[in-house]
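Welcome! Take a moment to look over the protein below, and then we will walk through some of its features together.

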Amino acid sequence: IPLPERIRSIFQNDQRWLKALGPHRLTRAAEGAEEELSPQQAFDLVPADLWFDTLGLLIRMLPGMGPDSLCRDFGDAPRGGLHKIYDAPLTHLETLLVRTRSLIVIDWRFNREIHAVLRQFSATVPAR
């Protein structure tokens with residue numbers, strides 16, 4: 001089972017993990033403000049798949065933590081290039097950055113909500 005799916009099932013089975021490591025931890029209430037985002041409200045802003053993939057990457061970056069770790073231990077590096085241990089995490093980070101583009105900078109061409117509305121209306125408009 002892929003790591004993000006295992007993380008999802010852990011979050012679903014034990015609400016303590018959601019409270020401790022949910023996407024609401026990305027925000028901080030202004031000083032004196034009483035309202036903070038709930039984990040469920042934060043998942044409205046950050047897609048769950050993206051969040052679980054991000055947590056999975058963080059877990060993989062911890063050496064020697066288990067079979068999901070990118071490195072078996074702190075000495076696990078390719079011969080002749082200590083810097084090569086960063087290649088896989090950088091590739092994963094680039095992928096996550098591309099996936100978060102619409103969360104950071106609105107790009108209407110890739111907006112899922114706009115596409116859903118357009119698909120709905122295109123299905124009801126007769127073709128000429």
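**A partly exposed residue and its patch**

At 41% relative accessibility, I10 counts as partly exposed, because that class lies between buried (under 20% relative accessible area) and exposed (over 50%), judged with a 1.4 Å probe and protein chains only. Please keep in mind that this is a predicted model, where local features need pLDDT of at least 70, side-chain atom pairs count only at pLDDT 80 or more, and totals for chains, interfaces and linings use all residues. Residues are numbered from 1 along each chain as its sequence is written, and side-chain values use heavy atoms, with hydrogens and water left out.

- I10 sits in helix α1, residues 3–13; helices here are DSSP runs of H or I with at least four residues, numbered from the N terminus.
- Together with W17 and L21, I10 makes a nonpolar patch on the surface, with about 270 Å² of accessible area in total.
- A patch like this joins nonpolar side chains (Val, Leu, Ile, Met, Phe, Trp, Tyr) within 5 Å, using residues with over 30% relative accessible area and no salt bridge. A salt bridge is a side-chain nitrogen of Lys or Arg within 4 Å of a carboxyl oxygen of Asp or Glu, and accessible areas come from the Shrake-Rupley method with a 1.4 Å probe, where only the protein chains shown count as cover for residues.

**Aromatic rings**

- The structure holds two aromatic pairs, meaning rings of Phe, Tyr or Trp (its six-membered ring) with centres within 6.5 Å; planes under 30 degrees apart are stacked, over 60 edge-to-face and the rest tilted.
- F11 and F52 form an edge-to-face pair, at 5.1 Å centre to centre and 75° between the planes.
- This pair links distant parts of the chain, with F11 in helix α1 and F52 in helix α4 (residues 48–60), 41 residues apart.
- The ring centres of F43 and F52 are 5.8 Å apart and their planes stand at 50°, so this pair is tilted.

**The nonpolar core**

- The largest nonpolar core has 11 residues, including I7, F11, F52 and L96; such a core is a set of buried Ala, Val, Leu, Ile, Met, Phe, Trp, Tyr and Cys residues joined through side-chain atoms within 4.5 Å.
- Its largest share, five residues, comes from α4.
- I7 touches F52, L55, G56 and I59, leaving aside residues up to four places away in sequence; contact means heavy atoms within 4.5 Å.

**A buried threonine**

- T100 belongs to helix α5, residues 87–104, and counts as buried at 16% relative accessibility.

Definitions and conventions: Helices (H or I, at least four residues) and strands (E, at least two) are DSSP runs, numbered from the N terminus. Patches are made of residues with over 30% relative accessible area and no salt bridge: like charges are joined within 9 Å, nonpolar side chains (Val, Leu, Ile, Met, Phe, Trp, Tyr) within 5 Å.
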